[in-house]
Amino acid sequence: GDILDDYLRTDGVWILTQNKQFYKTNNENECAEKCEAERNFTCRAFLFTRKKLQCLTLAENAKMTVMFASTDTVLYEKRIYLTECKRGIGTDYRGTEAKTQRGIPCQKWAEKIPHKPNYTPEKYPNAGLEENYCRNPDEDESGPWCYTTDPAMRFDYCAIPECEDQVTHTGEGECMQCNGEDYHGEVSRTESGLECQHWDAQEPHMHGFTQKNYPEKDLKMNYCRNPDGELRPWCFTTSPNKRWEYCNIPRCSTRPPVSGLDSQCLSGKGEDYRGRIAITESGNACQHWNTQLPHKHGWIPDRYPCKDLEENYCRNPDGEKKPWCYTTTSSVRWEYCTIPSCDRTEQGIAGMNNVPAQAPLPEECYRGKGQSYRGTTSVTASGKKCQAWNSMFPHRHIKTPDKFPDADLRDNYCRNPDGDSSPWCFTTDPNTLWEHCNLKRCDDHTQE
């Protein structure tokens with residue numbers, strides 16, 4: 001198989017690391033070969049930068065250090081070092097459990113106190129005897145073990161859970177169509193073997209993806225789901241070191257049924273719009289979805305097979321207020337499109353959702369510091385698109401709907417939950433954490 005099959009890929013991130021080596025390579029496969037051949041340290045991951053064709057082999061992975069957004073960079077982590085469960089007797093277990101089944105901390109493999117070890121990193125260089133992590137260098141039938149720090153107990157076994165081969169069949173619900181938005185199966189471990197956190201829990205990770213906020217997304221138990229239009233189903237993990245991870249759900253072998261959702265006009269938010277309008281409401285031509293110029297983006301047609309990201313037609317793949325597109329003007333990243341309404345009376349009932357942001361509505365200005373602002377503007381002063389308040393990508397934060405229940409942190413609308421000088425939002429630009437919004441202060445004489 002492909003050498004990259006042994007790695008977990010994450011686009012657009014960088015990790016801080018002490019031990020690294022730089023190489024010049026032509027592609028990710030060559031970089032993976034450098035990682036496999038690395039002799040300066042144990043290579044757990046590598047970073048590849050497409051623009052510079054630069055390869056960095058790393059001793060740490062995202063479980064062990066800080067991760068942050070970085071465009072044009074791809075992180076590949078060796079799956080074996082992310083897996084926290086064992087297969088068989090666990091000779092290939094490379095997780096970070098470092099205490100015995102009785103809770104006694106493990107002795108480091110390289111140390112001789114309190115016990116003089118028979119198994120050392122020098123004698124068994126391929127057994128992964130790092131730090132004081134549980135390992136099985138002697139192929140013990142009872143699984144991974146370690147020397148203990150208790151002088152009265154030389155060694156003990158570790159409580160490493162079995163990796164569940166969760167998807168044993170592809171019956172109804174156990175495979176996914178499209179990007180798994182409608183997946184309702186019961187897989188509850190991530191692709192590296194971590195157990196999923198329950199959606200109604202806020203430990204170890206605080207978040208806004210609750211049954212109350214998303215009643216239609218089937219956020220039951222700790223099952224993998226895709227409530228936010230990600231590439232495929234995911235979950236928050238029960239590991240404090242890994243906020244979330246994708247789940248390994250197989251694609252259904254049958255084609256998705258034709259839904260008939262191919263509207264040529266605007267109804268609701270226009271997520272089913274399949275018309276051919278390719279110009280924004282201010283007259284800018286749309287950029288083709290399968291190009292990265294002038295704007296780099298992640299809405300690549302092959303990755304989202306059911307979003308119909310065809311040519312440069314206006315679409316709404318992410319649940320925005322209405323269809324939009326990236327523009328061919330380098331100074332304007334994206335804009336909404338003007339799509340004729342299917343039914344004007346229906347439009348009236350639909351209310352504020354489809355009103356253009358620049359319409360002269362009383363709500364589209366703010367009073368005082370704007371803490372009472374409840375409009376639908378979702379663009380910053382410099383034209384950047386706002387990140388949804390319940391999303392943690394590209395920026396992690398604690399300004400979630402659950403933590404600020406009275407601040408109306410809906411969708412990605414500009415708000416002021418923390419008493420700033422005016423409404424603001426986190427941005428979808430990985431290099432800009434937040435900005436104030438493109439809103440004016442209401443005229444003091446405007447009637448309340």
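# Reading the labels on a predicted model

Author: Let's start at P294, which sits in the loop between β9 (244-246) and β10 (324-326). Keep in mind that this is a predicted model.

Reader: What kind of peptide bond runs from L293 to P294?

Author: A cis one, with omega near 0 degrees. The bond from I113 to P114 is cis as well, again with omega near 0 degrees. P114 belongs to the loop between β5 and β6 (145-147).

Reader: What is the mean pLDDT of the protein chain?

Author: The mean is 84, and 90% of the residues reach 70 or more. Residues 165-173 are another matter: pLDDT stays under 50 there, and the model gives them 13 contacts beyond four places in sequence. Residues 345-362 also have pLDDT below 50, with 25 contacts in the model beyond near neighbours in sequence.

Reader: Fine. Why is W199 called buried?

Author: The cut-off is under 20% relative accessible area. W199 has 1%, so it counts as buried. You'll find W199 in the loop between β7 (155-157) and β8 (234-236).

Reader: Which residues is W199 in contact with, leaving aside neighbours within four places in sequence?

Author: Among them are H207, F209, L219, M221, Y223, R225, W234 and F236. L219 is 20 residues away along the chain, yet the C-alpha atoms of W199 and L219 are separated by 6.2 Å.

Reader: Now the charged pairs. What makes E36 and K78 a salt bridge?

Author: The rule asks for a Lys or Arg side-chain nitrogen within 4 Å of an Asp or Glu carboxyl oxygen. In this pair the closest N and O atoms are 3.6 Å apart, so E36 and K78 pass. Side chains of opposite charge can pair when their charged atoms come close.

Reader: And how do you know that E36 and K78 link distant parts of the chain?

Author: Look at where they sit: E36 is in helix α1 (residues 28-37) and K78 is in strand β5 (residues 67-78), 42 residues apart.

Reader: Are E36 and K78 buried or partly exposed?

Author: One of each. E36 has a relative accessible area of 37%, so it falls between the 20% and 50% limits and is partly exposed. K78 is at 14%, which puts it under 20% and makes it buried.

Reader: What about D218 and K220: what makes them a salt bridge?

Author: Their N to O distance is 3.9 Å, which is within 4 Å, so the pair qualifies. D218, at 16% relative accessibility, counts as buried, whereas K220, at 43%, is partly exposed.

Reader: And why do E97 and K99 count as a salt bridge?

Author: The closest N and O atoms are 3.3 Å apart, so this pair also meets the 4 Å rule. E97 is partly exposed at 22%, and K99 is partly exposed at 41%.

Reader: How many salt bridges does the rule give?

Author: The count comes to 22. There is also a network of them linking R374, D408, R410 and R415.

Reader: Let's move to β4. What makes β4 mostly covered?

Author: Four of its five residues are buried.

Reader: Which strands pair with β4, and how do you know that they do?

Author: The test is at least two bridges between the strands. β2 (residues 20-24) is joined to β4 by five bridges, so the two pair, and they run antiparallel. β3 (residues 45-49) also has five bridges to β4, again antiparallel. In β4, L56 has F22 opposite, and T57 has F46 opposite. β3 and β4 form a hairpin with four residues between them, and L53 in the turn has a positive phi of about 50 degrees.

Reader: Last one: which residues form a nonpolar patch on the surface?

Author: L16, V66 and F68, with about 270 Å² of accessible area together. V66 is in the loop between β4 (54-58) and β5.

Methods:
Residues numbered from 1 in each chain as written. Predicted model: local features only at pLDDT ≥ 70, side-chain atom pairs only at ≥ 80, totals over all residues. Heavy atoms only, no water. pLDDT = per-residue confidence, 0-100. Contact = heavy atoms within 4.5 Å. Buried < 20%, exposed > 50% of the residue type's maximum accessible area, 1.4 Å probe, protein only. Patch = residues over 30% accessible without salt bridge, like charges linked within 9 Å, V, L, I, M, F, W, Y side chains within 5 Å. Areas by Shrake-Rupley, 256 points an atom, 1.4 Å probe, with all protein chains shown as cover.
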